[in-house]
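Colleague: I have not looked at this one before. Can you walk me through it?

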Amino acid sequence: MPIRFDHGDIRRLLKHFGFHKMRKESFIYIGQTFGVNRTVKFDYHSDRTQLKTGTAGAIAKSLGFNDQQAMKDYVNKHL
């Protein structure tokens, strides 16, 4: 069974790590996770909208997690 995230999970995760938009209307967020500067492409719609599993996997890799399960564990533990 695939691991599911919604847009609210990702938005809270980016806020937790201190990411901010590159420009006002940009979909690119910049910040730092685990001591490394990173960029994440994320188009927020609403908190309850589910992400596709491929998109969640790409965001997990961009944030420096090994896989989606590691990111889900982090979200459940810290947020």
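**Strands, helices and loops**

Colleague: How many residues lie between E1 and E2 in their hairpin?

Modeller: Six residues lie between E1 and E2 in that hairpin. Helices (H or I, at least four residues) and strands (E, at least two) are DSSP runs numbered from the N terminus. Keep in mind that this is a predicted model, where local features need pLDDT of at least 70, side-chain atom pairs count only at pLDDT 80 or more, and totals for chains, interfaces and linings use all residues. Residues are numbered from 1 along each chain as its sequence is written, and side-chain values use heavy atoms, with hydrogens and water left out.

Colleague: In which sense do E1 and E2 pair, parallel or antiparallel?

Modeller: Antiparallel, over two bridges, with E1 covering residues 20–21. Two strands are said to pair if DSSP finds at least two bridges between them. His-20 has Ile-30 in E2 as its bridge partner.

Colleague: And how many bridges join E2 to E3?

Modeller: Six bridges, again antiparallel, and E3 is residues 36–41.

Colleague: Which residues of E2 are on the covered face?

Modeller: Tyr-29, Gly-31 and Thr-33 are on the covered face, while Ile-28, Ile-30 and Gln-32 make up the uncovered one. In a regular strand, side chains alternate between the two faces of the sheet.

Colleague: What is the phi of Phe-34?

Modeller: Phi of Phe-34 is near 55 degrees, a positive value in a residue other than glycine. Most residues other than glycine have a negative phi. Phe-34 is in the loop between E2 and E3, and the hairpin of those strands has two residues between them.

Colleague: Switching to helices. At what angle do the axes of H1 and H3 cross?

Modeller: The axes of H1 (residues 7–17) and H3 (residues 68–78) cross at roughly 75 degrees and come within 11 Å. So H1 is roughly perpendicular to H3. Axes are lines fitted to C-alpha atoms, for helices over the stretch in contact, and angles run from 0 to 180 degrees between N-to-C directions. Under 35 degrees counts as roughly parallel, over 145 as roughly antiparallel, 65 to 115 as roughly perpendicular, and the rest as oblique.

Colleague: Which residues meet there, from H1 and from H3?

Modeller: Asp-9, Ile-10, Leu-13, His-16 and Phe-17 of H1 meet Met-71, Lys-72, Tyr-74, Val-75 and His-78 of H3. The residues of this contact are six nonpolar, two polar and two charged. Contact means heavy atoms within 4.5 Å. Ala, Val, Leu, Ile, Met, Phe, Trp, Tyr, Cys and Pro count as nonpolar, Asp, Glu, Lys and Arg as charged, and the others, Gly among them, as polar.

Colleague: Which residues of H2 are buried?

Modeller: Ala-56, Gly-57, Ile-59, Ala-60 and Leu-63 are buried. They are on the same side of H2, because they cover an arc of only 165 degrees around the axis. That arc is taken from the directions from the helix axis to the C-beta atoms. Gly-54 and Lys-61, on the other side, are exposed. Buried means under 20% relative accessible area, exposed over 50%, and partly exposed in between (1.4 Å probe, protein chains only).

Colleague: What covers the buried residues of H2?

Modeller: The cover includes H1, E2, E3 and H3.

Colleague: Where is Gly-18?

Modeller: Gly-18 is in the loop between H1 and E1, and its positive phi is near 85 degrees. Its relative accessibility is 45%, so Gly-18 counts as partly exposed. Gly-18 and Ile-30 are twelve residues apart along the chain, with 8.6 Å between their C-alpha atoms.
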